[in-house]
Amino acid sequence: MKLVLLGPPGSGKGTHAMWMCGEYKIPHISTGAMLREEERRNPHLYEEIRHYIDRGELVPDELIFEILKERLAESDCRDGYILDGFPRTLKQAEMLEALGGVDLAVMIDTMPELIMERVRGRRVCPQCGKGYHISQIPGGKCTDCGAEVTIRSDDKPETIRNRFDVYDRVTHPLVEHYKNEGKLARIDGSGTIGEVAAEIRALLNGGV
Ligand code: AMP
């Protein structure tokens, strides 16, 4: 099962990919998380891409393609994958066809007001990368490793505005693209995590 999750920042792609990878036994591949990981793994490369991420711009297609190509060649991707944050441009959608393609693109439709509230409350563990909404962790500590959670540098209000803008202009046209390919499914992402998860299960277990 080769899945792509589509939706603006805060629509819940990462949240749902986290349980889906356990349930469907295919890896969750977040290109955003992979890029942030480069800060530790390859600080030299990260210096080159930091300014894109910190301004809410997309890193160049070619660079993200190289990173993803390596990841999809790993053996755990043999039976499929859940892509979260890729593709983000039509060019990337074409590139993905060359790497293994897509069975289904799931668009998580969510109201803009809800998304803003979610993004404002979003926190991340700087040590293990686990994501939270602030309301889930009143003490402000990661439940897995105990580190104090932080706000992602690109979740700051000025950057987030640009990320929404980039999404509308450059990424949202992918919805039409996958619709034309007959590969688009839409689900209502405005419910609770449990409600949205139930919709995703009904969609996928109904037969991909
Ligand atoms: P995310 O964690 O998916 O919200 O991604 C965080 C940031 O990483 C984005 O705002 C981009 O700067 C960069 N990024 C992640 N995925 C991609 C991609 N597929 N293409 C270009 N830039 C990306």
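# Reading contacts and geometry in a predicted model

Trainee: How many disulfides does a search of the whole structure find?

Mentor: Start with the idea. A disulfide is a covalent bond between the sulfur atoms of two cysteines. The test is a pair of cysteine sulfur atoms within 2.5 Å. By that test, the whole structure holds 0 disulfides. C125 is in none, and its nearest cysteine sulfur, that of C145, is 3.3 Å away.

Trainee: Is C125 buried or exposed?

Mentor: Buried means under 20%, exposed over 50%, and partly exposed in between (1.4 Å probe, protein chains only). C125 has 2% relative accessibility, so C125 counts as buried. C145 has 33%, so C145 counts as partly exposed.

Trainee: Which residues come nearest to the ligand?

Mentor: A residue is near a molecule if one of its heavy atoms lies within 4 Å of it. There are 16 residues around the ligand, and T31, E57, G85, Q92 and R163 come nearest. By class, the shell has 6 nonpolar, 4 polar and 6 charged residues. Ala, Val, Leu, Ile, Met, Phe, Trp, Tyr, Cys and Pro count as nonpolar, Asp, Glu, Lys and Arg as charged, and the others, Gly among them, as polar.

Trainee: Which helix gives the largest share of the shell?

Mentor: Helices (H or I, at least four residues) and strands (E, at least two) are DSSP runs, numbered from the N terminus. Helix α2 (residues 31-41) gives the largest share, 4 residues.

Trainee: Which side chain has an N or O atom 2.9 Å from a nitrogen atom of the ligand?

Mentor: That is R88. A polar side-chain atom of R36 lies 3.0 Å from an oxygen atom of the ligand. For R152, a side-chain N or O atom is 3.1 Å from a ligand oxygen. On its own the ligand has 480 Å² of accessible area, and the protein covers 95% of it. Such areas come from the Shrake-Rupley method with a 1.4 Å probe; for residues, only the protein chains shown count as cover.

Trainee: What joins the side chains of D155 and R122?

Mentor: A polar contact is a pair of N or O atoms within 3.5 Å; within protein, one must be able to donate a hydrogen and the other to accept it, and residues adjacent in sequence count only if both atoms are side-chain atoms. The side chains of D155 and R122 make one at 3.0 Å. D155 sits in the loop between β6 (131-133) and α7 (157-171). D155 is buried, at 7% relative accessibility.

Trainee: Which peptide bond is cis?

Mentor: Most residues other than glycine have a negative phi, and most peptide bonds are trans. The bond joining F86 and P87 is cis, with omega about 0 degrees. P87 lies in the loop between β3 (81-84) and α5 (90-99). K25, a residue other than glycine, has a positive phi, near 55 degrees. K25 is placed in the loop between α1 (13-24) and β2 (28-30). K25 is exposed, at 66%.

Methods. Residues are numbered from 1 along each chain as its sequence is written. This is a predicted model: local features need pLDDT of at least 70, side-chain atom pairs count only at pLDDT 80 or more; totals for chains, interfaces and linings use all residues. Side-chain values use heavy atoms; hydrogens and water are left out.
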